[in-house]
Structure formats: C-alpha cells, structure tokens
Amino acid sequence: MCQPWLVIFTLFVSANWQGVFILAFDGSRETETCSAPNQPCNAPYPKLRRLNGVQVGHVQNVTFTDGRIRQLITKSLRPLLFEIPNFLSAEECEHIINLAGKMGLYESTTLPEIEDQKASTEVELKEDCEELLAADENNDGKISSSEVRKYLNETDGILVTVQEIDLMLREINFDKDGDGEISLTECMKGDHVVLDQYMKKLENNHPRYRTRLSQQTWLTMTGSKDAVLRDIQERVIQLTKLPRIFVERSEELQVVQYGIHGHYHAHYDSSRDNNASIRICCRNAGGGNDTNCSLCRFLTILYYLNDVPRGGETAFPVADEEIFNQTEFHEKDLSNLSTHCYDANIVVRPTRGTAIMWYNHVVDNVTGLLGTQDERSLHGGCDVLEGHKWIANNWINAPFKWTD
C-alpha cells in the first residue's frame with residue numbers, strides 16, 4: 001500500500017472567487033494516478049513553458065483537435081504578447097455575454113459608501129489620520145499632495161493629479177497653513193465628513209478619475225456543465241501547451257462590461273517577486289489584507305466579445321521598451337489611459353472573437369515554475385468612446401515553487 005505525500009499550494013483567486021489549489025503526488029507506485037489527470041504519481045512535478053514568439057510580426061498556425069486552425073501573431077517580445085484572430089466564434093461570444101447577464105454584473109470598483117454624516121469621534125479621527133499619514137514615504141511627519149494622490153489611487157482607486165489634490169485640500173480647508181502638506185494635527189482638525197462627500201462627488205461626477213470603471217461577473221469553467229465553456233478551456237490547454245492541471249485549477253472566467261468612459265488604467269495582472277518572503281500565492285479573496293502573498297497569474301488570455309465602435313483598445317504602454325524608467329513613467333502620469341492611451345507602444349483594437357495572450361512572468365530556470373514578473377507586461381483598457389465593450393479574462397495561475 002502506497003504512502004501518499006502531499007504537495008499543497010494555494011493560488012490567488014481574485015476579489016470574488018475563493019478556493020484552494022491542492023495537488024497530491026504518491027511516489028511509491030508507477031501505476032497510481034494522481035489528482036492531476038493522467039499524471040502518474042511518480043512523474044516529475046508539472047512545469048511551465050512559454051511559446052516561442054520568434055520576432056515581432058511572426059505568424060504561426062495553431063491546429064486544434066477539432067480541426068480548427070488559427071493564426072498566432074507575435075505583437076511584442078516583452079511582454080511576450082500574441083494576437084489570435086477568430087479564437088472565439090460570434091456564437092461563442094454571444095453565449096458568454098448571455099451567461100454573464102444571467103449571473104448578474106456588479107461594479108468592479110467602488111468607493112466605500114458614506115454610512116452616516118455624523119462627525120467622527122476623536123479616536124476614529126486619529127485612526128483615520130494615522131492611516132493617511134502612513135503614506136508618508138519620506139518620513140517627514142507630513143503627507144504631501146503627491147503622497148495623498150498615491151494614497152487615493154491605492155486605497156480608493158481614484159487617479160487624480162497633484163494639482164487637483166492641492167485644489168481639494170484648499171476647498172475643504174484641510175491644509176490649514178497652506179504649505180501643500182498635511183500634518184497629523186491638521187488632519188485631526190479637518191472635517192472628514194466633508195472629505196468623504198468631496199470624494200463621493202468626485203467619483204459620481206468624474207468617473208474617469210477612477211482607476212477602473214466597469215462591471216463584472218464570474219463564470220466557472222472547470223467542471224462546468226456548459227459545453228461552450230468546456231470547449232474553450234480545452235482550446236486554451238492546446239494553445240498554451242501547459243500541463244492540464246495548471247489550466248483546470250486556475251481562476252474562474254472573469255467577464256467584464258465597459259460602458260461610455262469605461263476604462264482600466266495601466267496595471268499589472270500579477271505580483272512582482274522582489275522578496276523571497278512573499279513567494280507564496282494569495283489564498284484570501286483579493287489577497288485580503290495579507291501583504292505576505294503574491295498574485296500568481298502566469299499568463300493572461302483576454303477575449304474580445306464584441307466590436308466597439310470607438311475606443312476601448314487594450315494598451316501596453318511600455319511593451320518592448322528598451323529602458324523602462326518607472327519613476328518618469330509615474331511622474332508623467334502615463335498610466336492614465338484616459339489621457340495617454342495612444343501614447344502606448346502597442347494598442348490593440350477590440351474585435352469580436354479575437355484573443356490576445358501575454359505572459360506576466362518568466363519561467364524560473366531552477367524550479368520550472370513561476371519566475372519574476374515581466375515589468376513590461378503593464379497594460380490597461382482605454383476609454384470606451386462610443387457604444388460598449390465586453391471582454392473576458394482567462395488567467396492561468398501557477399506557484400513560485402512546489403512546497404510540502
């Protein structure tokens with residue numbers, strides 16, 4: 001009788017999907033079958049692989065088991081990005097949209113509701129101000145307009161300019177001494193109800209300031225009774241040439257709808273790997289408050305589900321950039337695709353049935369699993385200027401390493 005041993009790891013599962021990725025391997029019998037389909041228990045751990053882009057503009061054919069042949073067009077090498085026309089049929093696109101409609105869509109990102117208009121207690125004020133002052137990057141005891149800007153972007157998903165922050169602080173009289181910075185004392189004396197109202201007004205009247213403006217829902221692919229979703233997943237396995245277990249144990253399919261001005265400013269789908277202490281994949285929804293885990297999305301496949309009359313492109317601002325100066329990039333506010341969409345190095349127009357696929361990470365040479373993040377995988381959705389846009393995101397997850 002074999003004595004099984006477990007290799008367990010968890011994958012990030014986005015803000016509205018929860019689950020645990022568990023693999024069991026038994027090394028004692030060649031005839032044993034592991035939880036990974038068709039994987040003998042003494043087989044080597046499944047490893048990742050990346051397709052060969054060859055060079056920008058290279059076209060290669062992919063033949064699926066159902067006889068369909070599709071072109072794989074290399075758009076960039078960093079990130080390794082492909083465009084695949086007609087990956088989905090018009091009927092499949094409409095089917096996914098209909099399924100999403102039945103599930104019901106909700107806002108992808110919203111600011112917290114103002115629960116009441118009563119002034120906060122001194123204890124609550126101090127907690128709020130200490131949270132705000134935690135964004136004091138240079139540790140001078142004050143938070144500057146640029147630090148406030150970064151704080152609002154990271155906590156509330158609002159992308160505004162430093163000049164707009166200066167105006168806000170003056171209008172709500174938060175900057176008592178007019179030096180452009182907020183101390184703990186000034187924050188404690190500020191009217192936080194007015195601040196909340198100002199932010200809510202900003203969200204309602206200027207939705208383009210938000211990092212993300214869309215609606216979304218989730219569809220289960222693995223084990224689904226829906227034949228269309230099952231067929232798409234099979235094609236993904238054939239397209240990526242990845243071990244089945246990575247594809248089947250990944251996140252659900254995210255379906256997103258963008259209306260007029262709908263957008264998603266430039267962002268990364270996955271986490272950086274700068275610290276060995278966070279080389280574990282998030283298990284909580286959205287990572288929760290746990291900063292000691294990473295988002296483990298090896299690659300992204302984005303499906304365009306409809307034609308957009310105007311706008312709605314997917315932009316890769318720094319694709320194939322020889323030198324990427326992140327400081328200059330942020331100082332020039334180039335992540336704001338409402339303003340800088342067409343300054344991006346690659347802009348892909350949404351066309352129904354087309355898929356684009358890119359790798360967020362390289363493959364680690366030692367483990368054969370998730371390596372460092374490709375910092376040029378920065379991307380986002382430009383403003384929809386006419387009509388609406390439907391897309392679906394298919395993330396393939398993988399761990400940094402196998403752990404007992």
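A nonpolar core is a set of buried Ala, Val, Leu, Ile, Met, Phe, Trp, Tyr and Cys residues joined through side-chain atoms within 4.5 Å, where buried means under 20% relative accessible area, exposed over 50% and partly exposed in between (1.4 Å probe, protein chains only). With that in hand, let's walk through the structure. This is a predicted model, in which local features need pLDDT of at least 70 and side-chain atom pairs count only at pLDDT 80 or more, while totals for chains, interfaces and linings use all residues. Residues are numbered from 1 along each chain as its sequence is written, and side-chain values use heavy atoms, with hydrogens and water left out.

The protein chain has 404 residues, and 50% of them count as buried. Its secondary structure comes to 10 helices and 22 strands; these are DSSP runs numbered from the N terminus, helices being H or I with at least four residues and strands E with at least two.

Now to the core. The largest nonpolar core has 46 residues, and those with the most contacts inside it are Ile96, Leu239, Leu253, Val255, Tyr303, Leu305 and Met357. Among the elements that each supply at least two residues of this core are helix H1 (90-103), helix H7 (227-240), strand S11 (253-258) and strand S13 (297-304). A second, separate core of 19 residues includes Leu133, Ile143, Leu169 and Phe174. Back in the largest core, Leu305 touches, among others, Ile96, Val255 and Trp390 (a contact means heavy atoms within 4.5 Å).

Next come the sheets. Strands of a sheet pair through backbone hydrogen bonds, either parallel or antiparallel. Here two strands are taken as paired if DSSP finds at least two bridges between them. S3 is joined to strand S4 (residues 69-77) by 5 bridges, and Val59 has Ile73 as its bridge partner in S4.

Another open sheet has 5 strands, in the order S9-S12-S20-S15-S16, and its pairing is antiparallel. Strand S9 (212-213) and strand S16 (346-348) are the edge strands, each with a single partner, so one side of each is left without a neighbour in the sheet.

Rings of Phe, Tyr and Trp (its six-membered ring) pair if their centres lie within 6.5 Å; planes under 30 degrees apart count as stacked, over 60 as edge-to-face and the rest as tilted. The count comes to 8 aromatic pairs. In one of these, Phe64 and Phe87 sit edge-to-face, 5.9 Å centre to centre with 75° between the planes. Phe64 lies in the loop between S3 and S4, and Phe87 in the loop between S5 and H1. Phe64 is buried at 4% relative accessibility, and Phe87 is buried at 1%. Elsewhere, ring pairs link Tyr45, Phe246 and Trp402 into a cluster.

Finally, find Leu369, in the loop between strand S18 (361-363) and strand S19 (370-373). Leu369 is buried, with a relative accessible area of 0%. Its contacts include Pro46, Phe246 and Trp402. The C-alpha atoms of Leu369 and Tyr45 are separated by 9.7 Å, although the two residues are 324 apart along the chain.

Notes:
Lists of a residue's contacts leave out its neighbours within four places in sequence.
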